[in-house]
Amino acid sequence: MSTVHCFTSFSFSYLSRARVLASTVKRFNPNWTVWALVVDKEPEGFNFDQNTEDFDRIVYADSLGIPDFEPWLFQHNVVEACTAVKGTFLAYLLETETSKAVYLDPDIAVFTELASIESMLDRHDILLTPHQLLPETGIRAALDNEVCALNNGIYNLGFVAANNSPGGRKFGKWWAQRLLEECFDDV
């Protein structure tokens, strides 16, 4: 059984991108389990079959146990909805499926093995990617980058990873709650 479960969250309009992610993760990390977390329903006449996909598992967001799912979903635009379910699924994976969970946005392609992520999760509860490591020196760059980060968050959450430790599980639960309540593009 895989110790790393990688997931992405998308709507069917992003399926082609998510397929690239799944195939490239599997190519370079064949022992990882890759999940598709889908926020909408299959278009009529479309057959999204796990047996023909590079995803090891497919789960629909309406099965995550989010209270009043449909009214909750329809408060969000498609990007908000795909983002808002990330924390709930991360928490689920850490509670029930794996010792290490990795989220990657569906528009990412992997070009090498990701063993360094796996080994860093042996030492750290959570892995995040900051938008910046150093302050900007000019006002234009500060407005473009620092203010943008203040509005959208200091971490690029197109990637996040956590291990199944008290700290990792606590982060997953916290993130799930924040996203369920506050995931709106309304600065």
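Biologist: In this predicted model, which residues have the most contacts inside the largest nonpolar core?

Modeller: The model is predicted, so local features need pLDDT of at least 70. The largest nonpolar core has 27 residues. Those with the most contacts inside it are Phe-7, Leu-37, Val-85, Phe-89 and Leu-90.

Biologist: Which element gives the most to this core?

Modeller: Several elements give two or more residues to the core, among them strand E2 (33-38), helix H2 (69-73) and strand E4 (100-104). H3, H4, E6 and H7 also give two or more. With 4 residues, the element that gives the most is H4.

Biologist: Are the rings of Phe-7 and Phe-89 stacked or edge-to-face?

Modeller: The count of aromatic pairs comes to 12. For Phe-7 and Phe-89, the ring centres are 5.1 Å apart. Their planes stand at 70 degrees, and planes over 60 degrees apart count as edge-to-face. So the pair is edge-to-face.

Biologist: How many residues apart in sequence are the parts that this pair ties together?

Modeller: Phe-7 lies in strand E1. Phe-89 lies in helix H4 (residues 86-96). The pair therefore ties together parts whose separation in sequence is 82 residues.

Biologist: Which charged residue sits over the ring of Tyr-14, and which lies over the face of Tyr-60?

Modeller: Over the ring of Tyr-14, a charged end sits 4.2 Å from the centre, and it belongs to Arg-17. Over the face of Tyr-60, at 5.4 Å from the ring centre, lies Lys-41.

Biologist: Which element gives the most to the lining of the largest pocket?

Modeller: The largest pocket has a volume of about 1000 Å³. Strand E1 (4-10), helix H3 (78-84), helix H6 (139-152), strand E6 (155-163) and helix H7 (166-182) each supply at least two lining residues. With 6 residues, the element that gives the most is H7.

Biologist: How do the lining residues of the largest pocket divide, and which lie nearest its centre?

Modeller: The lining has 35 residues. They divide into 18 nonpolar, 9 polar and 8 charged. Nearest the centre lie Thr-83, Lys-86, Asn-152, Leu-179 and Cys-183.

Biologist: What phi does Asp-68 have, and is Asp-68 buried or exposed?

Modeller: Most residues other than glycine have a negative phi. Asp-68 is not a glycine, yet its phi is positive, at about 50 degrees. Asp-68 lies in the loop between strand E3 (57-60) and H2. Its relative accessible area is 62%, and over 50% counts as exposed, so Asp-68 is exposed.

Biologist: Where does Ala-101 lie, and what separates its C-alpha atom from that of Val-4?

Modeller: Ala-101 lies in strand E4. At 0% relative accessibility, Ala-101 counts as buried. Ala-101 and Val-4 are 97 residues apart along the chain, and their C-alpha atoms are separated by 5.7 Å.

Biologist: Where does Thr-112 lie, and how many Å apart in space are Thr-112 and Asn-29?

Modeller: Thr-112 lies in the loop between E4 and helix H5 (115-123). With 42% relative accessibility, Thr-112 counts as partly exposed. Thr-112 and Asn-29 are 83 residues apart in sequence. In space, C-alpha to C-alpha, the separation is 8.2 Å.

Conventions
Residues numbered from 1 in each chain as written. Predicted model: local features only at pLDDT ≥ 70, side-chain atom pairs only at ≥ 80, totals over all residues. Heavy atoms only, no water. 1 Å grid on protein atoms, 1.4 Å probe; cavity = no way out; pocket = protein on both sides within 12 Å on 5 of 7 lines; lining within 4 Å. Points joined across faces, edges and corners; volume = space filled by probe spheres on them. Nonpolar A, V, L, I, M, F, W, Y, C, P; charged D, E, K, R; others polar. Phe/Tyr/Trp six-rings, centres within 6.5 Å; stacked < 30°, edge-to-face > 60°. Lys NZ or Arg CZ within 6 Å of the ring centre and 35° of its normal. Core = buried A, V, L, I, M, F, W, Y, C linked by side-chain atoms within 4.5 Å. Buried < 20%, exposed > 50% of the residue type's maximum accessible area, 1.4 Å probe, protein only.
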